[in-house]
Amino acid sequence: MRIQVVSLDKAGQSAQQSDNSVLHADLHAPVNAFRLRSDLAVCFWESAARERQRFEMSFDRPVLRFSFILEGNGISRARGQEDFVRNKGIIEVRYFPGTGGIVELAPNQGHKWLDIVLQPSFLDIALPEETALLPHAVQSVVNRETDTLPCDSRRMTPEQFVAASQLAHCPYTHAARTLYLKSKTLELLSHVLAEYAPAPCRTRLSTYEIECLNKARDLLVADLEAPPSLKELALSVGLNETKLKTGFKAQFGQTVYGYFRAYRVDLARKRLLESTDSVSEVASSVGYTNISHFSAAFKERHGVTPSRYRKNNIFFTSPANG
């Protein structure tokens, strides 16, 4: 499997001629690519510029590309396929039947994303007895029954975002890095395929119950230092504790306190980027009294410590004309 990446000038022409090397990227393309197998590769992109950027990726054989957007906005285009707007937290899944596509990046922003690129035959090898359980559209590609596949774009789950962040911030080198990239790539793919698994019977909620649950969510995050207990929350919104717990999971996809923890950490991430407060001050502002607990919770959700996250994104938070 050969992947070639070239940057495009404003007229849409290749800024530099690419050669035929495996996983080639020209010097203008901000991508590091690693071939994990002959039919599986992971590519890490990181770019920050004041002008619009355009990059073309081409493939010499049919591939599936899973693109995980960690920072920045843009547009994804492919010949004969639907255009997609790319925003932070989005997964874009495309099938390229031996062709390629273009990614356009918005100006005055930092951009980070990673692509998992695989030949459909990889799934046949990795799941020899379970390809029949794959989504029907993917099955048809694996079985070479079609040259087209509907594009898919969806928001990452918290598990997917954490796994993608960890994959993008590999802490190892040499052999340890290779093993880490392979294991994390498979983990991330498993999180994606899990979304296509048959869904369990969903809890039915009335309009009244949905209103109560929305009120419960608002009350839950109103005081980040002293959130209400489940009993207090249930009494406040007029639901029993069992309905509160099952209904909250059905409505918001997380347990009550799983949602609360994620909310605090996500708010902290925003404040790290938008303020000059110290990490301990940010932790305190979202209700953490123990900086170690905050750092551990942040790393679990975003893949890096708060201080490393701020350092990695310091360019993105600088004034455009600074």
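Histidine 174 counts as exposed because its relative accessibility is 64%, where exposed means over 50% relative accessible area, buried under 20% and partly exposed in between, for a 1.4 Å probe and protein chains only. This histidine is found in helix α4; helices (H or I, at least four residues) and strands (E, at least two) are DSSP runs, numbered from the N terminus. Histidine 174 has a positive phi of about 55 degrees although it is not a glycine. Most residues other than glycine have a negative phi. Asparagine 108, likewise not a glycine, has a positive phi of about 55 degrees. Asparagine 108 belongs to the loop between β10 and β11, and it counts as partly exposed because its relative accessibility is 49%.

The model is predicted: local features need pLDDT of at least 70, side-chain atom pairs count only at pLDDT 80 or more, and totals for chains, interfaces and linings use all residues. Residues are numbered from 1 along each chain as its sequence is written, and side-chain values use heavy atoms, with hydrogens and water left out.

**The chain as a whole**

The chain contains 11 helices and 12 strands. Of its 322 residues, 44% count as buried. Its accessible surface comes to about 16,800 Å², with 50% belonging to carbon and sulfur atoms; such areas come from the Shrake-Rupley method with a 1.4 Å probe, and for residues only the protein chains shown count as cover. Contact means heavy atoms within 4.5 Å. Among contacts between residues at least 6 apart in sequence, 65% join residues at least 24 apart.

**Helix α4 and threonine 185**

Helix α4 spans residues 174-194 and includes threonine 185. Threonine 185 counts as buried because its relative accessibility is 0%. Its side chain reaches the backbone oxygen of leucine 181 at 2.6 Å. Apart from neighbours within four places in sequence, threonine 185 is in contact with Leu36, Leu40, Val42, Ile116 and Leu167.

**Helix α3**

One of these partners, Leu167, is also among the buried residues of α3. This helix is mostly covered, with eight of its 11 residues buried. The buried residues are Gln160, Phe161, Val162, Ala163, Ala164, Ser165, Gln166 and Leu167. Phenylalanine 161 counts as buried because its relative accessibility is 14%. Beyond neighbours within four places in sequence, phenylalanine 161 is in contact with Leu70, Lys88, Gly89, Met156, Arg301 and His302.

**Pocket and cavities**

On a 1 Å grid over the protein atoms alone, a cavity is a set of points where a 1.4 Å probe fits but cannot get out, and a pocket is an open set with protein on both sides within 12 Å along at least five of seven lines; lining residues have an atom within 4 Å of a point. Grid points are joined across faces, edges and corners, and a volume is the space filled by probe spheres set on the points.

The second largest pocket has a volume of about 430 Å³. Of its 17 lining residues, Arg155, Met156, Pro158, Asp266 and Arg301 are the closest to its centre. Helices α3 (158-168), α8 (256-274) and α10 (291-302) each supply at least two lining residues, and α8 gives the largest share, seven residues.

The structure holds six cavities of 30 Å³ or more. The largest cavity is lined by 11 residues, with Leu70, Glu71, Ser165, His169 and Tyr309 nearest its centre. At least two of its lining residues come from each of β6 (62-71), α3 and α11 (306-312).

The table gives the make-up of two linings by class: Ala, Val, Leu, Ile, Met, Phe, Trp, Tyr, Cys and Pro count as nonpolar, Asp, Glu, Lys and Arg as charged, and the others, Gly among them, as polar.

| Cavity | Volume | Lining by class |
|---|---|---|
| Largest cavity | about 120 Å³ | four nonpolar, five polar, two charged residues |
| Second largest cavity | about 60 Å³ | six nonpolar, two polar, four charged residues |

**Glutamine 254**

Glutamine 254 is placed in the loop between α7 (241-252) and α8. Its C-alpha atom and that of proline 158, 96 residues apart along the chain, are separated by 9.6 Å. Leaving aside neighbours within four places in sequence, glutamine 254 is in contact with Pro158, Phe248, Lys249, Tyr259 and Ala262.

Definitions and conventions:
A polar contact is a pair of N or O atoms within 3.5 Å; within protein, one must be able to donate a hydrogen and the other to accept it, and residues adjacent in sequence count only if both atoms are side-chain atoms.
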